[in-house]
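Subject: Structure for your review

Dear colleague,

Please find below the structure that I am handing over to you. My notes on its helices follow.

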Amino acid sequence: MIVATSFNLFLVPNGIASGGVSGISILVQELAGVMPAYTQWAINIPLFIAGVLIIGRKFGAKTLLGTIVLPLFVLLTAHMPPPTDNPILASIYGGIGVGLGLGLVFRGGGSTGGLDLAAQMLHRFTGLPYNLAIVCFDGCVIIAAGIIFSPEVSLYALIGLFVTSKTIDFMQNGLQLSKVAFIISDRTEEVATAILNDLDRGLTRLDGHGGFTGQGRTILMVVVSQNEVSKLKVLVRDIDAGAFVIISNTAEVLGQGFKLET
């Protein structure tokens, strides 16, 4: 319902076809006057059947449910008045709404079908990477929007697609950004003790070997929150100023002290 409402409030009235079957349905409405819900059913259901026949039944009931119910909600909310005719606002808020709804669907282990199924079939037959197949399909829809509407509209569609993808990432991973640090030091035991006691974080000892010397080394791996990074660096520096420290982002951390999966 969230996806359908955002689609009808923001994307359809402004002709923002930001990829996928929903984007195709906007183009078909512009060319032939067919309501988007009917186009989505006409594409989604055959794609689901073809996917089951070609790839197997792994799509499951949740994919079938999304394939049928999403266009139904699009049909039920089709006559809602748009709150804005500004294409930039429409692409941003439409992208947020669609991403929010899709993120909830994905977190529940479901799918709305569409060109995701077509991308899986293309990957199976051609070996083309799945993500690249998705980009190719969405790219074709956005290019078509530029031809049917205007090049400017296709640029708005790109904004909507970008916002949608970022919102889905947020729904999947949340705002909590964690860091993973790898520490190579000549004073490994002291650094490990300080991390365990002063920073109150667990750690993992990894076995490594120097690429030049071939000597065995212990590498400490520790995951910390964003606001603990500075404290970790000061702690290591005070013990061993010559320590080699690598700190990088990690999208999601599950477990004690971080997020517990339910």
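How much of the chain over residues 88-106 is helix, how much is strand, and how far apart are the end C-alpha atoms? In this predicted model, the stretch is 100% helix and 0% strand, with 26 Å between its end C-alpha atoms. An unreviewed UniProt entry places the feature "transmembrane region" at residues 88-106, and also at 39-56, 63-82 and 127-149. Residues 63-82 are 70% helix and 0% strand, and here the end C-alpha atoms lie 29 Å apart.

Division into domains

The protein is divided into domain 1, covering residues 1-173, and domain 2, covering residues 178-249. Taken over C-alpha atoms, the centres of domain 1 and domain 2 are separated by 44 Å.

Helices α3 and α4

Helix α3 spans residues 36-54 and helix α4 residues 60-76; their axes come within 8 Å and cross at roughly 165 degrees. Angles over 145 degrees count as roughly antiparallel, and α3 and α4 are therefore roughly antiparallel to each other. Their crossing is left-handed. On the α3 side, the contact is made by Pro36, Ala37, Tyr38, Gln40, Trp41, Asn44, Ile45 and Phe48. The residues contributed by α4 are Gly60, Thr63, Leu64, Thr67, Ile68, Pro71, Leu72, Val74 and Leu75. By class, this contact of α3 with α4 has 12 nonpolar and five polar residues, and no charged ones.

Helices α6 and α7

Helix α6 (residues 115-126) packs against helix α7 (residues 130-148) at an angle of about 125 degrees, and their axes are 8 Å apart. That angle makes α6 oblique to α7. The crossing of α6 and α7 is right-handed. From α6, the residues Leu115, Asp116, Ala118, Ala119, Gln120, Leu122 and His123 meet Tyr130, Ala133, Ile134, Phe137, Asp138 and Val141 of α7. Sorted by class, the contact of α6 with α7 has nine nonpolar, two polar and two charged residues.

Helices α9 and α10

Helix α9 (residues 188-197) and helix α10 (residues 229-239) have axes 10 Å apart and pack at an angle of about 145 degrees. The crossing in which α9 passes α10 is right-handed. Glu190, Val191, Ala194 and Ile195 of α9 form the contact with Leu232, Leu235, Val236 and Ile239 of α10. Seven nonpolar residues and one charged residue make up the contact of α9 with α10, with no polar residues.

With kind regards

Conventions. Residues numbered from 1 in each chain as written. Predicted model: local features only at pLDDT ≥ 70, side-chain atom pairs only at ≥ 80, totals over all residues. Heavy atoms only, no water. Axes fitted to C-alpha atoms, helices over the stretch in contact; angles between N-to-C directions. Helix = DSSP H or I, 4+ residues; strand = E, 2+ residues; numbered from the N terminus. Parallel < 35°, antiparallel > 145°, perpendicular 65-115°, else oblique. Left-handed = near helix turned anticlockwise from the far one by under 90°. Contact = heavy atoms within 4.5 Å. Nonpolar A, V, L, I, M, F, W, Y, C, P; charged D, E, K, R; others polar. Domains from an automatic or database assignment. UniProt positions renumbered as here; feature names shortened; annotations may be inferred.
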